[in-house]
Amino acid sequence: MSYTTKTIKVIYEYAQIIFGIILASIGLKAFLLPNGFLDGGITGIALLVKTKVDLNISILLVLFSIPFLILGFFTVSKRIVIKSIISILGLALFIHFENFNTITEDKLLISIFGGLFLGAGIGIAIRNGSVLDGSEILGIYLNDKFGISIGQIILVFNVILFSITALVLSVEVALYSILTYIVTAKVTDLIIEGFEDFIGVTIVSKKFREVEIAIMQELGTGMTLYKGTRGLGSSGKTEDFDIIHIIINRIDIKKMYRVVNKIDSKAFIVEFDVNTVKGGVLRHYLDKKKNREIPKL
């Protein structure tokens with residue numbers, strides 16, 4: 001990768017992080033802060049303390065983040081820590097200087113849209129190698145140290161936080177804050193994992209060569225081929241063939257069935273859910289125009 005390409009990539013990453021910071025600060029300043037609602041993690045702790053102590057929320061965010069950033073220095077890459085320091089300072093500055101009029105007084109809308117903006121901002125930051133909340137770093141550390149899942153750690157962390165909120169403020173505020181946290185977490189996951197939903201498919205067909213070519217031409221996706229052997233009754237005869245394994249977007253599943261059925265209506269097809277996809281041509285299907293002429297297999 002050339003120096004120019006690296007520079008452009010870094011600029012693009014930081015531009016997205018800035019956009020994430022803006023979204024998160026809107027969620028906090030336009031929805032949560034004016035109405036006394038909380039989120040989970042370090043942001044939630046800062047918001048809770050703000051209700052009892054006359055200190056600027058920006059200062060509280062930075063102060064409560066420092067121990068986790070120090071912890072992150074020894075548990076995650078230095079590059080992530082540096083990006084996170086810049087991101088947290090940026091969020092604190094945006095919150096300090098931004099001024100929004102109260103958009104709505106409806107508590108349900110405040111919880112939903114506050115969580116939506118905050119979750120989108122956190123998700124965009126994480127996708128670009130940064131964090132806006134130190135609780136993720138704590139989760140990584142305890143996972144590495146004791147083998148406890150990051151999700152469980154953050155859940156316990158927030159259960160304690162919202163329990164304290166119910167005691168210190170009110171049960172109603174705690175319940176609305178839990179709703180905000182749920183929305184934030186779901187939107188964050190959606191931003192990180194993307195909007196695409198993939199599914200795995202295994203295809204066994206006598207006309208496997210025709211099916212392989214048709215899938216590449218019509219769906220534009222790559223595939224993995226396994227060598228299989230078919231037994232033919234009691235005679236003991238066998239026949240070698242390819243077992244086709246593909247990962248496709250769920251919206252293409254009906255088209256895949258039409259493509260296979262057109263060639264072999266008796267093909268054996270198995271679907272299975274895919275939790276994580278990485279690398280290959282999973283997220284970027286082959287360019288159909290460039291792959292119209294598929295060489296004979």
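# Close-up views of the predicted model

**Figure 1. Lys83 forms a salt bridge with Glu13, with 2.5 Å between the closest N and O atoms.** This pair links distant parts of the chain, with Lys83 in helix α4 and Glu13 in helix α1, 70 residues apart. The model is predicted: local features need pLDDT of at least 70, side-chain atom pairs count only at pLDDT 80 or more, and totals for chains, interfaces and linings use all residues. Residues are numbered from 1 along each chain as its sequence is written, and side-chain values use heavy atoms, leaving out hydrogens and water. A salt bridge here is a side-chain nitrogen of Lys or Arg within 4 Å of a carboxyl oxygen of Asp or Glu. Helices (H or I, at least four residues) and strands (E, at least two) are DSSP runs, numbered from the N terminus. Lys83 is buried, its relative accessible area being 3%. The classes are buried for under 20% relative accessible area, exposed for over 50% and partly exposed in between, with a 1.4 Å probe and protein chains only.

**Figure 2. Glu13 also forms a salt bridge with Arg79, the closest N and O atoms being 3.2 Å apart.** Glu13 in helix α1 (residues 3–35) and Arg79 in helix α4 (residues 78–97) are 66 residues apart, and their pair links distant parts of the chain. Glu13 counts as buried because its relative accessibility is 12%. Salt bridges link Glu13, Arg79 and Lys83 in a network. The whole structure holds 4 salt bridges.

**Figure 3. Lys227 and Asp242 meet through their side chains in a salt bridge of 2.8 Å, N to O.** Here too the pair links distant parts of the chain: Lys227 lies in strand β2 (residues 224–232) and Asp242 in strand β3 (residues 237–249), 15 residues apart. Lys227 has a relative accessible area of 70% and is therefore exposed. Asp242, at 4% relative accessibility, counts as buried.

**Figure 4. Ser87 is found in helix α4.** With a relative accessible area of 1%, Ser87 is buried. When neighbours within four places in sequence are left aside, Ser87 is in contact with Ile17, Ile21, Ser130, Val131 and Leu132. Contact means heavy atoms within 4.5 Å.

**Figure 5. Asn158 belongs to helix α7 (residues 150–168).** Asn158 is buried, with a relative accessible area of 2%. Apart from neighbours within four places in sequence, Asn158 is in contact with Gly40, Gly41 and Tyr181. Gly41 is also one of the buried residues of α2.

**Figure 6. Helix α2 (residues 41–50) is largely enclosed by the rest of the structure, because 7 of its 10 residues are buried.** The buried residues are Gly41, Ile42, Thr43, Gly44, Ala46, Leu47 and Leu48.

**Figure 7. Strand β1 (residues 198–204) pairs with strand β4 (residues 268–273) in the antiparallel sense, over 6 bridges.** Two strands pair if DSSP finds at least two bridges between them. Ile203 has Ile269 of β4 as its bridge partner. In β1, 5 of the 7 residues are buried, so the strand is largely enclosed by the rest of the structure.

**Figure 8. Helices α9 (residues 208–218) and α10 (residues 253–263) have axes that come within 10 Å and cross at roughly 145°.** Axes are lines fitted to C-alpha atoms, for helices over the stretch in contact, and angles run from 0 to 180 degrees between N-to-C directions. The crossing of α9 and α10 is right-handed. A crossing is right-handed if the near helix is turned clockwise from the far one by less than a right angle, and left-handed if anticlockwise. On the α9 side, Glu210, Val211, Ala214, Ile215 and Glu218 meet Lys255, Val259, Val260 and Ile263 of α10. The residues of this contact divide into 6 nonpolar, no polar and 3 charged. Ala, Val, Leu, Ile, Met, Phe, Trp, Tyr, Cys and Pro count as nonpolar, Asp, Glu, Lys and Arg as charged, and the others, Gly among them, as polar.

**Figure 9. The whole chain, for context, has 10 helices and 4 strands.** Along the sequence the pattern is α-α-α-α-α-α-α-α-β-α-β-β-α-β. Of the 297 residues of the chain, 42% count as buried. Among contacts between residues at least 6 apart in sequence, 74% join residues at least 24 apart.
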